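Hi,

Here is the structure I promised to pass on.

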Amino acid sequence: MARSAPKGSGGQRRRGLRGRGPTPKAEDRPYHKAYKRTQDTVGRAGAKTGRRRPKPKAQKDIANRPTHIAGRNSVLEAMRDEVPSLGLTLQIRMDVDDRVREIMRIAQAENIPLREASRNELDTMTDGAVHQGVVLTIPPYEYADIDELMDIAAQRFEAPLFVALDGITDPRNLGAILRSAGAFGVHGVIVPERRSAQMTASVYKVAAGAAGRVRVAQVTNLNRAIDDLKKRGVFAVGLDADGDQNPRELTFAPDPLVLVIGAEDKGISRLTREKCDAITSIPMAATTESLNASVAASIVLYEVAGHRARAGLR
């Protein structure tokens, strides 16, 4: 009698003992973090990785988009100053006050396109800003140049007075400086293209109408712009903590002047400081470290306006 084959694994155990071969290297295992580092290196070298990374949006593309001014006061001030408008959007079934009535009156008189939208739509348009049911859409800001700023002073028969910003990146500071510039007779504000706040909705909101009255020039290089102004007879005065002149005794105040203001934490850069004909600083109590850039600018511009008034230049 033939013996039956013993029960077993049917060869599965024997095949299992053979193993799966050598363990793959870490950079060859898709689930391992070393694999991701290898793919990133290959992608940077220009090899095909099977997927295309999205192209980053250029700064100019972002700057060239229409701007949305939000809030009843900000919109009303912009419309009173005849800021060019693309359209006015009002929230459906909102409470109407005197400001909204005047906004609607100006929109009708100026033939500004008017539409209604839900609160969610307005939230999306303004990136969640406090809009109070009113949003004004304006075209991208058209920056001036140095020639235009000089022409503004010439048309007023006044000694040029400009403010140049070195490293001011907070749009709220730019808006507040524009507001002070409008109050004290500044003929224009100069900002560099890079590492500087630009004309955005936040600036319009803080400036409260001054953004439509005070021209802003954008320059490629701030130091070259200062050199250009000095060739035209404009003196450069920097505002910094360790200045050698008190704003009340500022020698250059009645002359053609550009006031250079640096960031609150860093101040004026070394190269820009070397371009200045003088450095002024605001006397303060020892317990106070520094002032906000926009506050300091307002104080110095007030003193300059006083010098010019006493000299009969205003």
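Arginine 80 and glutamate 102 form a salt bridge, with their closest N and O atoms 2.9 Å apart. (A salt bridge here is a side-chain nitrogen of Lys or Arg within 4 Å of a carboxyl oxygen of Asp or Glu.) This pair ties together distant parts of the chain, since arginine 80 sits in helix H4 and glutamate 102 in helix H5 (residues 98–109), 22 residues apart. Helices (H or I, at least four residues) and strands (E, at least two) are DSSP runs, numbered from the N terminus. Arginine 80 is partly exposed at 44% relative accessible area, and glutamate 102 is partly exposed at 22%. For those words, buried means under 20% relative accessible area, exposed over 50%, and partly exposed in between (1.4 Å probe, protein chains only).

Before going on, a caution: this is a predicted model, where local features need pLDDT of at least 70 and side-chain atom pairs count only at pLDDT 80 or more, while totals for chains, interfaces and linings use all residues. Residues are numbered from 1 along each chain as its sequence is written, and side-chain values use heavy atoms, with hydrogens and water left out.

The salt-bridge count comes to 15. Another one joins arginine 101 to aspartate 98 (2.9 Å, N to O); the two are three residues apart in helix H5, so about one helical turn separates them. Aspartate 98 is exposed at 60%, whereas arginine 101 is partly exposed at 46%. In helix H12 (residues 270–275), glutamate 274 and arginine 270 are four residues apart and form a salt bridge with closest N and O atoms 3.1 Å apart. Glutamate 274 is exposed at 55%, and so is arginine 270 at 57%.

**The two sheets**

Strands S2 (residues 87–91) and S4 (residues 134–138) pair antiparallel over four bridges, and threonine 89 stands opposite valine 135 in S4.

The other open sheet has six strands, in the order S7-S6-S5-S9-S8-S10, and its pairing is parallel. S7 and strand S10 (278–280) are the edge strands, each with a single partner, so one side of each lacks a neighbour in the sheet. S6 and S7 run parallel, joined by four bridges; valine 189 has valine 216 in S7 as its bridge partner.

**Helix H8**

What does H8 pack against? Its buried residues pack against strand S5 (161–166), S6, H9, helix H10 (210–213), strand S7 (216–219) and helix H13 (293–310), where contact means heavy atoms within 4.5 Å. Those buried residues include Leu174, Ile177 and Leu178. Aspartate 170 caps the N-terminal end of H8, with a side-chain oxygen 2.9 Å from the backbone nitrogen of arginine 172. Just after H8, glycine 185 takes a positive phi of about 75°.

Arginine 194 lies in the loop between strand S6 (188–192) and helix H9 (201–207), and is exposed at 61% relative accessible area. Arginine 194 and threonine 169 are 25 residues apart in sequence and 9.4 Å apart in space, C-alpha to C-alpha.

Cheers

Notes
Polar contact = N/O pair within 3.5 Å; in protein donor to acceptor, adjacent residues only side chain to side chain. Pairing = 2+ DSSP bridges.
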